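Hi there,

Here is the structure I promised to pass on, with my notes below it. Please have a look at it first and then read on.

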Amino acid sequence: MTTGPLNDPASGPTTVSATGLTLRYGGTRALDAVSLELTRGVTGLLGPNGAGKTSLLRVLATAVPPDSGAFTVLGHDPSTTKGRLAARRTLGYLPQTPGFHPDFTAFAFVDYVAILKELTDRAARHREVRRVLEAVDLEDVRGKRIKRLSGGMRQRVALAAALVGDPEFLVLDEPTVGLDPEQRMRFRELVAEAGEGRTVLLSTHQTEDVAMLCHRVVVLTHGRVRFDGTPAELTARAAGRVWVSAQRDPGALAGWRTGTGTFRNIGEPPTGADLLEPTLEDGYLLALDGESTEVTA
Amino acid sequence: MSRALLWALVPPVWRALPWRALAVGGGLGLLLAASTRLPDSTPSSETGLAVLRMVALFGALGLAFLLDDPARHTTTGVPVRRPLRAGLRLTLVAPFMAAWWTAALFLIPAASRPPAGFLTLEALALAACALALPATAIRFTTETEPGRIAAFWLGITSLAACLVPDKWGLFVAEGTGEWDTAHMRWAVLLGLAAVLWATCLPEPLRRRSVPHFTPTGV
């Protein structure tokens, strides 16, 4: 099975390039020869639990080295100490389960991360910290200790920590977990804004986030790239393969009762089926189905 | 690494230190040492030795929490290197540990105080082990706060070491023929632990996933 970037819809120069990234945890192959080329803009990374999304993000964030393969971040090769430091100077990383020093205030914590990003000028750094806290709508609680903040607020503190220093490459691992719909909308605005002129890699389970934010989507399963293209192309894969029926269709790959009492099915429709307009999620579910699914859109 | 960056790092690193664990370990150690000063208490030199060894162990158990960093994953991928941050933590704590150990030594009545140099070597080796264990856990797992498990294993291992015969042991009685040899072993242990600490700190962290240590996805 081919796992390379067969369809790159993005324009502009390549900012992050990965070739044959492989990562093993004991006997488990978390990444299996993943190749990717990212450009500026927001790229969505979709995949089921255990697909290797977090592993890929951790490798690209230089948190762990790959077992084999190579990658560059804005021209820097993280396999060398010098290259890794240079890559990290361009990086903002929001991990899947961000942790904090609970007794720090939101301001103090983001300020600490800013220092770790080598922002040494106190006045300029504090201005930058205030800017990102304002951007994530935490200006009012900046003096509050993190242990007193809600889960959603903590998530935004972590996002502010990723954004501080205006990184050129932003790696976001399931950032909308724990956010309410209003916060998610605000978050989408933020990421869309960040994607203008920067490279953003967004791992998520939310296909709506990808549909609304991303110019490109990569689907990972079993550590391999199963699809690499535009959201429209992923949606188009489901064209003619989504239909509605009065009863659950046993021939469907997946089917569920909708609010109207009818069943929405995806897969190979029977002759004369009442076809529906596909969504990105339909295309994604089809991309996950079976090892024989084609890579390209 | 600029001096300005180092100075900027001091306040947040100071705040992030596990002061509670250090205070509990150090406090219990001092209380134990002070118990030898109770009225009508005339501790023997064996008692003095045992007390000081327990004091050293309490201090090491507190020190095992030094690398606990709940923000570990959030601060991954920053240019300031982890060894520098760990070194800064140790540098900030070291003067307090030195003062604490000196106080513990002087709390033991002079008549029952064992040779300070030998006991300081033991305390240093225990402290080095207390630092090396969590550093190893950090290198090979995704654990953010390895202090608790490191302290547990340090305590268990120290207790087990007490049961080892003097011929191969570490905790030998003063005045026996094995005293000097045992302290050679302490010196070797100190060196090994220091090497392990130094080996485990540099990045990127090579890891082998341990299931119950893995809070994140694959």
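In which helix of chain B is B:Leu133 found? B:Leu133 is found in helix α5 of chain B, residues 116-140. Helices here are DSSP runs of H or I with at least four residues, strands are runs of E with at least two, and both are numbered from the N terminus.

Before the rest, some housekeeping. This is a predicted model, in which local features need pLDDT of at least 70 and side-chain atom pairs count only at pLDDT 80 or more, while totals for chains, interfaces and linings use all residues. Residues are numbered from 1 along each chain as its sequence is written, chains are lettered from A and ligands numbered from 1 in the order in which they are written, and side-chain values use heavy atoms, with hydrogens and water left out.

**The patch on chain B**

I began with B:Leu133 because it is partly exposed, at a relative accessible area of 34%. (Buried means under 20% relative accessible area, exposed means over 50%, and partly exposed is in between, with a 1.4 Å probe and protein chains only.) Together with B:Ile149, B:Phe152, B:Trp153 and B:Ile156, B:Leu133 makes a nonpolar surface patch of about 450 Å². Areas come from the Shrake-Rupley method with a 1.4 Å probe, and for residues only the protein chains shown count as cover. Patch residues have over 30% relative accessible area and no salt bridge; like charges are joined within 9 Å, and nonpolar side chains (Val, Leu, Ile, Met, Phe, Trp, Tyr) within 5 Å. A salt bridge here is a side-chain nitrogen of Lys or Arg within 4 Å of a carboxyl oxygen of Asp or Glu.

Helix α6 of chain B (residues 147-162) gives the largest share of the patch, 4 residues. An α-helix has 3.6 residues a turn, so residues three or four places apart point the same way. B:Ile156 lies in α6 of chain B and is partly exposed, with a relative accessible area of 37%. From B:Ile156 to B:Thr181 is 25 residues in sequence and 23 Å in space, C-alpha to C-alpha.

**Chain B as a whole**

Chain B has 7 helices and 0 strands. Its radius of gyration is 19 Å, close to the 17 Å that the globule rule gives for 218 residues, so chain B is as compact as a globular protein of that length. (The radius is taken over C-alpha atoms, and the rule is 2.2 Å times the number of residues to the power 0.38.) The C-alpha atoms of chain B fill a box of roughly 55 × 35 × 30 Å along the principal axes. Of the 218 residues in chain B, 48% are buried. Chain B exposes about 10200 Å², and carbon and sulfur atoms supply 72% of that area.

**Chain A**

Chain A has 9 helices and 13 strands. For its 297 residues a compact globule would have a radius of gyration near 19 Å, and the 21 Å of chain A agrees with that. Buried residues make up 56% of chain A. Chain A exposes about 12100 Å², with 49% supplied by carbon and sulfur atoms.

Helix α2 of chain A (residues 81-88) has 6 of its 8 residues buried, so it is largely enclosed by the rest of the structure. Among the buried ones are A:Gly83, A:Leu85 and A:Arg88. The buried residues of α2 pack against β4 (68-73) and β5 (91-94) of chain A.

A:Ser17, in strand β1 (residues 14-25) of chain A, counts as buried at 19% relative accessibility. Beyond its neighbours within four places in sequence, A:Ser17 is in contact (heavy atoms within 4.5 Å) with A:Leu36, A:Glu37, A:Ala70, A:Phe71 and A:Thr72.

Strands β8 (residues 216-221) and β9 of chain A pair in the antiparallel sense over 5 bridges; pairing takes at least two DSSP bridges. A:Thr221 has A:Arg224 in β9 as its bridge partner. The hairpin has 2 residues between the strands, and there A:His222 takes a positive phi near 50°. A:His222 counts as exposed, at 57% relative accessibility. In strand β9 (residues 224-229), 5 of the 6 residues are buried.

A:Asp137 also has a positive phi, near 65°, in a residue other than glycine. A:Asp137 lies in the loop between α4 (122-135) and α5 (151-163) of chain A and is exposed, with a relative accessible area of 51%.

Best wishes
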